[in-house]
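Here is a report on the structure shown below.

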Amino acid sequence: ELAGAFSAEAARASMLADDLASALRFAQRAITQNPQRADALEAAERGALFTRQTEEISLLYDLVSERARGKYGRRAAHYRAARFFEANGHHDLAVTHAAKAFTAVTSEACYSLLMRAAAKGAYEPAIEALEEVARRSPGPAQKGMWLVRAAELQTKRGTEPERAVDILLRA
């Protein structure tokens, strides 16, 4: 854990010195050594933008999420990732992380992010996330609501219309 702390501080110092390539390397090391060093994500994000390696930090968000304390920590890590990738034009990664945030803790904010990301990226992770949340829903009304939304998204996708019908039949 101490090594992660030193690497996180080195990432922060590199960022302050405008050495963003080093900031990214140190942040990657900090999070790899201790995934609870979520404070190093800012340096990783700035460094990734500078070095044009934005896709490579997806794994860092996954590491932070895996070691987060509880489902709200997992949601926070993936929500941050989805927002970062959405803002930087990596829509497939944005929808993947938005789906993970949504399934960690279902909320309208996560749903909204998921739909925005799906509209610009891949629909499949969003549909699968909606189906997963429906399976875990405590009652038939909630289950039906999420399955209807999944079917609507499948219809927007424009392929496999029979899948939309199949989804609705499970509602």
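Asp18 counts as exposed because its relative accessibility is 59%; exposed means over 50% relative accessible area, buried under 20%, and partly exposed in between, with a 1.4 Å probe and protein chains only. Asp18 sits in the loop between α1 and α2. Its phi is positive, about 60 degrees, although Asp18 is not a glycine.

The model is predicted: local features need pLDDT of at least 70, side-chain atom pairs count only at pLDDT 80 or more, and totals for chains, interfaces and linings use all residues. Residues are numbered from 1 along each chain as its sequence is written, and side-chain values use heavy atoms, with hydrogens and water left out.

Arg52 also has a positive phi of about 60 degrees and is not a glycine. Arg52 belongs to the loop between α3 and α4. Its relative accessibility is 77%, so Arg52 counts as exposed. Thr155 lies in helix α9. At 56% relative accessibility, Thr155 is exposed too. Thr155 and Val165 are 10 residues apart in sequence, and their C-alpha atoms are 9.2 Å apart in space.

Helices (H or I, at least four residues) and strands (E, at least two) are DSSP runs, numbered from the N terminus. Two packed helices are described by the angle between their axes and the distance between the axes. Axes here are lines fitted to C-alpha atoms, for helices over the stretch in contact, and angles run from 0 to 180 degrees between N-to-C directions.

How do α1 and α2 lie relative to each other, roughly parallel or roughly antiparallel? The axes cross at roughly 160 degrees and come within 8 Å. α1 and α2 are therefore roughly antiparallel; angles over 145 degrees count as such, under 35 as roughly parallel, 65 to 115 as roughly perpendicular and the rest as oblique. Their crossing is left-handed, meaning that the near helix is turned anticlockwise from the far one by less than a right angle.

From α1, Ala3, Gly4, Ser7, Ala8, Ala10, Ala11, Ser14 and Met15 take part. They meet Leu20, Ser22, Ala23, Phe26, Ala27, Arg29, Ala30 and Gln33 of α2. Contact means heavy atoms within 4.5 Å. The residues of this contact divide into 10 nonpolar, 5 polar and 1 charged. Ala, Val, Leu, Ile, Met, Phe, Trp, Tyr, Cys and Pro count as nonpolar, Asp, Glu, Lys and Arg as charged, and the others, Gly among them, as polar.

In α2, the buried residues are Leu20, Ser22, Ala23, Leu24, Ala27, Ala30 and Ile31. Their cover includes α1, α3 and α4.

**The α6 and α7 pair**

Helix α6 and helix α7 pack at about 155 degrees, with axes 8 Å apart. That angle makes α6 roughly antiparallel to α7. α6 passes α7 in a left-handed crossing. On the α6 side, the contact is made by His91, Ala94, Val95, Ala98, Ala99, Ala101 and Phe102. On the α7 side are Cys110, Tyr111, Leu113, Leu114, Ala117, Ala118 and Lys120. This contact divides into 12 nonpolar, 1 polar and 1 charged residues.

Buried residues of α6 are Ala94, Val95, His97, Ala98, Ala99, Ala101, Phe102 and Ala104. They pack against α4, α5, α7, α8 and α9.

His97 is buried, with a relative accessible area of 0%.

**Helix spans**

**The chain overall**

The protein chain has 10 helices and 0 strands. Its C-alpha atoms fill a box of roughly 55 × 30 × 20 Å along the principal axes. Of its 171 residues, 44% count as buried. Among contacts with a separation of 6 or more, 55% come from residues 24 or more positions apart.
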